[in-house]
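Me: I'd like to learn to read a model like this one step by step. Can you take me through it, starting with how to judge exposure?

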Amino acid sequence: MERRTDRSATTPGRWRAGRPGPDGTTGDRHWRLDARCAGWCALGFAVLTLLLDWGSGGLTVARADLWAVLGVLVFAVLRPPRVSAGDGWLAVRGLVCSRRVCTDALVAVRLDGSIATRLVLRDTDGHSVAFDPKVLLANPLLWHQLDAGARRSRERGTLRHGENALRQLGERIDGVTARDVLRASGLE
């Protein structure tokens, strides 16, 4: 009997979202859905504004271009950054640029904001990334990569600020994961 293999999981340099790739990298498993939702919202905004302007009788080519540009701007605002991690690094790729930190050499970790919380990581080379900590809640493999790197930073003595923030985030992730396991097993 012949064994079937998943080609996308074995192709070098590629990884499937939510699963570690052959080189140990993992990414946000909900990113594609969130990006697609942002695209549909932006398209809906552009179409709705075009239809309203056309219905009022004031639609011109210049105004249609304006609504299209505003639709692209709505997409740029709503599109979430793509978070990926591997052994010793974490990267956040936005619409324009990509930033990467060495999790083995973290200097500071902090949670910014009270309403829209951002996790900010800074390494010894001065590089920093900021992203929504909910990404880590939804992707335990990303949290594992970050936590393993932060532990190595603590062992090396480079992590000077933010151990409390990491501990709080870890407890929150562990609580959510435990609730999900109980819910899946029918014990909740």
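Reply: Buried means under 20% relative accessible area, exposed over 50%, and partly exposed in between. Keep in mind that this is a predicted model. As a case, take Asp-112: its relative accessibility is 28%, so Asp-112 counts as partly exposed.

Me: With which residue does Asp-112 form a salt bridge?

Reply: With Arg-110, and the closest N and O atoms are 3.1 Å apart. Arg-110 is also partly exposed, because its relative accessible area is 43%.

Me: How many salt bridges does a search of the whole structure find?

Reply: The search turns up 7 salt bridges. Have a look at Asp-53 and Arg-63, whose side chains meet at 2.8 Å, N to O. That pair links distant parts of the chain, with Asp-53 in helix α2 and Arg-63 in helix α3 (residues 61-78), 10 residues apart. Asp-53 is buried at 4% relative accessible area, whereas Arg-63 is partly exposed at 37%.

Me: Next, strands. In which sense do β6 and β7 pair?

Reply: Antiparallel, over 4 bridges. Between the two strands of this hairpin sit 4 residues, and Gly-126 in the turn has a positive phi of about 90 degrees. Leu-119 has Phe-131 in β7 as its bridge partner. To read the faces of β7 (residues 128-131), sort its residues by cover: Val-129 and Phe-131 make up the covered face, Ser-128 and Ala-130 the uncovered one.

Me: Which residues have the most contacts inside the largest nonpolar core?

Reply: This core has 22 residues, and those with the most contacts include Leu-119, Phe-131 and Leu-146. Helix α5 gives the most to the core, with 4 residues. For one residue's surroundings, go to Leu-146: among the residues touched by Leu-146 are Leu-90, Thr-103 and Leu-136.

Me: Where is there a nonpolar patch on the surface?

Reply: It's formed by Trp-40, Leu-43, Val-47, Leu-51, Trp-54 and Leu-59, which together have about 660 Å² of accessible area. Trp-54 lies in helix α2 (residues 31-55). With a relative accessible area of 60%, Trp-54 is exposed.

Conventions
Residues numbered from 1 in each chain as written. Predicted model: local features only at pLDDT ≥ 70, side-chain atom pairs only at ≥ 80, totals over all residues. Heavy atoms only, no water. Buried < 20%, exposed > 50% of the residue type's maximum accessible area, 1.4 Å probe, protein only. Pairing = 2+ DSSP bridges. Core = buried A, V, L, I, M, F, W, Y, C linked by side-chain atoms within 4.5 Å. Contact = heavy atoms within 4.5 Å. Patch = residues over 30% accessible without salt bridge, like charges linked within 9 Å, V, L, I, M, F, W, Y side chains within 5 Å. Areas by Shrake-Rupley, 256 points an atom, 1.4 Å probe, with all protein chains shown as cover. Salt bridge = Lys/Arg side-chain N within 4 Å of Asp/Glu carboxyl O. Lists of a residue's contacts leave out its neighbours within four places in sequence.
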